[in-house]
Amino acid sequence: MELALLYSGGKDSSLAAHLLDRFYDVRCVTGSFGLTDDWKHAERAAAELGFPFERVELDRGVAEEAIQTMIDDGYPRNGIQRVHEHALETIASRDADAIADGTRRDDRVPTVSRAQAQSLEDRHAVDYISPLSGFGRHAVDRLVEETFDVQQGPSEEVPKADYEDELRTLIADEHGEETVSEVFPDHNQTYVHGRND
């Protein structure tokens with residue numbers, strides 16, 4: 001069975017791919033607005049882990065909407081949620097038996113509610129799977145430490161292909177670098193360079 005996994009090259013989506021690989025033909029899929037070439041980080045990580053990769057184009061209008069929400073809110077949470085929902089809709093409309101992401105039990109964003117998952121499944125005739133939804137951060141960290149060679153550090157310094165860098169770029173282009181700092185708090189990210197074995 002074919003499964004399209006929303007993939008950033010980070011530890012959560014990499015662990016999700018690893019867990020699902022036993023049951024599905026996993027294809028790592030990165031959504032991009034075409035603002036940067038950050039999606040190539042995910043392509044490299046997927047190749048290191050031995051998974052096929054696909055880049056899908058996301059709607060630039062959704063990015064514009066998301067950054068306006070972030071600026072109005074003063075934080076990124078609701079904008080990131082909007083983009084994640086759009087990315088799931090985009091991959092659900094493609095050719096796959098199932099779709100998945102790397103959301104964890106204790107994530108504040110992005111999240112997928114039971115109603116959203118059922119709606120995706122009903123409208124697109126796919127299964128939505130969240131293999132990490134029963135795992136907390138510490139459990140994920142332990143599993144990742146045993147499985148992958150991971151780089152961790154400040155978000156601005158770690159290569160990654162999540163939505164954040166493209167949204168930061170768009171905010172900087174349209175509203176200036178100061179606004180980026182006002183919207184995004186300091187936080188760490190991860191990037192998987194390969195398996196430990």
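# A friendly tour of the cores, sheet and helices

Me: Of the 31 residues in the largest nonpolar core, which touch the most other members?
Reply: Keep in mind that this is a predicted model. Its largest nonpolar core has 31 residues. Those touching the most other members are I91, I99 and L167.

Me: Which helix gives the most to this core?
Reply: Several elements take part, with β1 (2-6), α3, α4 (77-92), α5 (114-124), α7 and α8 (177-183) each supplying at least two residues. The helix that gives the most provides six residues, and that helix is α4.

Me: Leaving aside neighbours within four places in sequence, which residues is I91 in contact with?
Reply: I91 is one of the residues that touch the most other members of the largest core. Once its neighbours within four places in sequence are set aside, the contacts of I91 are A4, L6, V29, V56, I99 and A100.

Me: How many residues are in the other core, the one with A42 and F148 among them?
Reply: This other core lies apart from the largest one. Its members include A42, A100, V140 and F148, and its residue count is 26.

Me: Are α3 and α7 roughly parallel or roughly perpendicular to each other?
Reply: Helix α3 (residues 60-73) and helix α7 (residues 164-175) pack with their axes 10 Å apart, at an angle of about 75°. Angles of 65 to 115 degrees count as roughly perpendicular. The two helices, α3 and α7, are therefore roughly perpendicular.

Me: How many nonpolar residues does the contact of α3 with α7 have?
Reply: On the α3 side are R60, A63, E64, A66, I67, M70 and I71, which meet L167, L170, I171, E174 and H175 in α7. By class, one residue of this contact is polar and three are charged, while the number of nonpolar residues is eight.

Conventions
Residues are numbered from 1 along each chain as its sequence is written. This is a predicted model: local features need pLDDT of at least 70, side-chain atom pairs count only at pLDDT 80 or more; totals for chains, interfaces and linings use all residues. Side-chain values use heavy atoms; hydrogens and water are left out. Axes are lines fitted to C-alpha atoms, for helices over the stretch in contact, and angles run from 0 to 180 degrees between N-to-C directions. Helices (H or I, at least four residues) and strands (E, at least two) are DSSP runs, numbered from the N terminus. Angles under 35 degrees count as roughly parallel, over 145 as roughly antiparallel, 65 to 115 as roughly perpendicular and the rest as oblique. Contact means heavy atoms within 4.5 Å. Ala, Val, Leu, Ile, Met, Phe, Trp, Tyr, Cys and Pro count as nonpolar, Asp, Glu, Lys and Arg as charged, and the others, Gly among them, as polar. A nonpolar core is a set of buried Ala, Val, Leu, Ile, Met, Phe, Trp, Tyr and Cys residues joined through side-chain atoms within 4.5 Å. Buried means under 20% relative accessible area, exposed over 50%, partly exposed in between (1.4 Å probe, protein chains only).
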